Amino acid sequence: MIRSFLSVVFLLHLAFSLAQATVIQKGKPFTKTLKGSSGDLFTVVDGIFAADGRHILYVEEGLTPKVVRLDALLQPTEELVLKDLVIDGLKWTAVTPIVENGSMRCLMVSAGKKGSDYGIGNVSTSGTLSITGFQKLVSFPEPYANDPSNTMVVRPLPDPILFTKGLAYVQQERLIRSPDGEHFLLNHYSNAGKGNKKFHAAWLDKDLTVLWSNTMELPYEDAKSSIHQIVVANDGTFRLLTYVFQCKGAEQLGDKNCHELHLTTIAGNGKEVSDVL
């Protein structure tokens with residue numbers, strides 16, 4: 001009996017030792033200092049496996065977009081800063097990545113005082129990381145700013161939707177793919193301006209060729225409205241979910257009785273606007 005018990009203990013100890021021997025390398029904890037409460041300061045947005053099998057990540061470090069290459073141990077070995085790249089005499093900054101079929105492209109913006117130019121470039125992973133094949137897409141008569149004032153930040157539902165911010169600087173909603181994958185909606189809109197809110201849109205095919213572009217005036221004041229969601233249909237119709245704050249003062253913003261929820265439908269190549277309160 002004692003011999004059988006000792007045999008079982010020995011086998012369990014041997015199995016545990018073999019299991020420990022299969023561990024190649026222990027993971028290293030990731031730590032960072034919290035510098036604010038307005039959202040993540042370093043965010044991995046998307047990534048791919050390059051042709052050589054190494055990871056390529058698109059990240060946002062604060063307000064600076066980057067493409068980062070990782071080695072076999074998942075340690076950063078190279079980065080390409082995608083801010084103020086001079087292309088054809090203009091400074092361009094990445095807005096969001098487009099990942100498809102193992103490759104990455106970047107939507108980029110050149111911000112001016114009175115308008116914004118948008119373009120697209122390929123992330124080349126052969127050799128040194130670089131942007132290649134850049135082409136301009138469209139211009140909108142609206143200045144661009146990478147801050148929570150004109151981006152749909154990730155908010156939890158239902159009650160904290162008015163105030164929480166989440167990933168404040170990731171602007172993936174600037175380029176929205178249709179459900180069938182055949183088109184993209186490129187969009188930009190005004191914030192805290194005079195008069196009604198302006199929504200600028202371009203409808204692109206799957207190769208990111210512009211099919212049409214238009215500017216729409218929405219039926220609510222710019223300074224009192226905040227777009228929270230954009231949904232795109234295959235036929236080019238898109239819908240906006242917008243909070244409109246009809247509050248008399250900042251002290252009433254927490255009172256939902258002075259908030260309106262609008263569902264706005266835009267169709268007909270951006271020429272037809274209807275709104276439901």
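**Entry 1: His262**

I began with the side chain of His262, which makes a polar contact with the side chain of Asp275 at 2.7 Å, where a polar contact is a pair of N or O atoms within 3.5 Å, and within protein one atom must be able to donate a hydrogen and the other to accept it, with residues adjacent in sequence counted only if both atoms are side-chain atoms. The side chain of His262 also makes a polar contact with the side chain of Glu260, at 2.9 Å. I noted that this is a predicted model, in which local features need pLDDT of at least 70 and side-chain atom pairs count only at pLDDT 80 or more, while totals for chains, interfaces and linings use all residues. Residues are numbered from 1 along each chain as its sequence is written, and side-chain values use heavy atoms, with hydrogens and water left out.

I placed His262 in strand β16, residues 259-267; strands (E, at least two residues) and helices (H or I, at least four) are DSSP runs numbered from the N terminus. Is His262 buried or exposed? Its relative accessible area is 6%, so His262 counts as buried, the classes being buried under 20%, exposed over 50% and partly exposed in between, with a 1.4 Å probe and protein chains only.

**Entry 2: the sheet around β16**

I then followed the sheet, which is open and has four strands in the order β14-β15-β16-β17, with antiparallel pairing; two strands pair if DSSP finds at least two bridges between them. Its edge strands are β14 (225-232) and β17 (272-276), each of which pairs on one side only. On average, neighbouring strands of this sheet are turned by 20 degrees against each other, direction ignored, with axes taken as lines fitted to C-alpha atoms.

How many bridges join β16 to β17? I found five, and the two strands run antiparallel. Within this pairing I looked up Leu263, which stands opposite Val276 in β17.

I also checked Lys248, which lies in the loop between β15 (238-245) and β16. Lys248 counts as exposed, at 80% relative accessibility. The C-alpha atoms of Lys248 and Cys258 are separated by 8.4 Å, the two residues being 10 apart along the chain.

**Entry 3: aromatic rings**

I turned to the aromatic pairs, of which the structure holds six. The rings of Tyr243 and Phe245 have their centres 6.1 Å apart and their planes at 25 degrees, so I recorded this pair as stacked. For the terms, rings of Phe, Tyr and Trp (its six-membered ring) pair if their centres lie within 6.5 Å, and planes under 30 degrees apart count as stacked, over 60 as edge-to-face and the rest as tilted. Tyr243 and Phe245 are both buried. I noted separately that Tyr118, Phe140 and Tyr144 form one aromatic cluster.

I looked next at strand β3 (residues 64-70) and strand β4 (residues 76-81), which run antiparallel and are joined by five bridges. Which residue in β4 is the bridge partner of Lys66? It is Val81. The hairpin of β3 and β4 has five residues between the strands, and in it Leu74 takes a positive phi near 60 degrees.

Asp84, in the loop between β4 and β5 (85-87), has a positive phi of about 60 degrees although it is not a glycine. Asp84 is partly exposed, with a relative accessible area of 43%. In the loop between β5 and β6 I found Asp88, which is not a glycine either and has a positive phi of about 55 degrees. Asp88 counts as exposed, at 75% relative accessibility.

Thr96 is found in strand β6, residues 90-100, and is buried with a relative accessible area of 3%. Leaving aside its neighbours within four places in sequence, Thr96 is in contact with Tyr58, Arg105, Cys106, Leu107, Gln171, Gln172 and Leu175, where contact means heavy atoms within 4.5 Å.

**Entry 4: the whole chain**

The secondary structure of the protein chain comes to one helix and 17 strands, and buried residues make up 40% of its 277 residues. Among contacts between residues at least 6 apart in sequence, 42% join residues at least 24 apart. The protein chain exposes about 15,800 Å², of which carbon and sulfur atoms supply 56%; accessible areas come from the Shrake-Rupley method with a 1.4 Å probe.

Technical notes. Axes are lines fitted to C-alpha atoms, for helices over the stretch in contact, and angles run from 0 to 180 degrees between N-to-C directions.
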